[in-house]
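This report looks at strand pairing and the nonpolar core. The sequence and structure come next.

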Amino acid sequence: QVQLVESGGGLVQAGDSLRLFCAASRSALRTYAMGWFRQAPGKEREFVAAVSWTGGRTSYADSMKGRFTIARGNAKNTVYLQMSSLKPEDTAVYYCAAGDITANAGENVYIDPAQYDYWGQGTQVTVSS
């Protein structure tokens with residue numbers, strides 16, 4: 001059974017930075033793309049960022065570009081999400097996901113939650129104004 005475990009969430013003020021971390025329980029997922037999605041109360045889950053299994057390709061939602069950075073860790077079954085210049089509207093539960101997505105897949109694949117096979121339980125990020 002594969003598990004994804006997120007950590008690093010918390011309560012911060014607007015303008016602060018926060019780093020989320022996700023680790024997969026199986027090293028086989030080092031060949032899986034990994035992504036972050038988020039869901040705010042009363043809203044649908046939305047794409048945040050993704051990184052290819054090679055680590056060489058990243059994708060971001062428009063509202064996160066320039067503020068968030070996704071990268072694979074030294075252990076390739078791990079992924080970080082560095083968030084800076086946080087805004088109150090970034091408040092949400094952030095989910096880590098892993099999907100068997102080829103490195104040259106189109107952007108529309110990386111942003112689609114249906115393409116991801118495994119999900120974490122989520123970590124709460126709250127940004128106060």
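## Two hairpins

The hairpin of β4 and β5 has six residues between the strands, and G42 takes a positive phi near 75° there. Strands here are DSSP runs of E with at least two residues, numbered from the N terminus. The model is predicted: local features need pLDDT of at least 70, side-chain atom pairs count only at pLDDT 80 or more, and totals for chains, interfaces and linings use all residues. Residues are numbered from 1 along each chain as its sequence is written, and side-chain values use heavy atoms, with hydrogens and water left out.

β4 spans residues 33–39 and pairs with β5 in the antiparallel sense over five bridges. Pairing requires at least two DSSP bridges between two strands. G35 faces A50 of β5.

On β6 (residues 58–60), S59 stands opposite A50. β5 and β6 are antiparallel, with three bridges. Their hairpin also has six residues between the strands; G55 takes a positive phi near 85°.

## Burial and core

β5 covers residues 46–51, and five of its six residues are buried. Buried means under 20% relative accessible area (1.4 Å probe, protein chains only).

The largest nonpolar core has 39 residues. Such a core is a set of buried Ala, Val, Leu, Ile, Met, Phe, Trp, Tyr and Cys residues joined through side-chain atoms within 4.5 Å. W36, L81, M83 and Y94 have the most contacts inside it. Strands supplying at least two core residues each include β3 (18–24), β8 (78–83) and β9 (92–99).

Beyond neighbours within four places in sequence, M83 is in contact (heavy atoms within 4.5 Å) with residues including L18, F68, Y94 and V125.

How values were computed
Buried means under 20% relative accessible area, exposed over 50%, partly exposed in between (1.4 Å probe, protein chains only). Helices (H or I, at least four residues) and strands (E, at least two) are DSSP runs, numbered from the N terminus.
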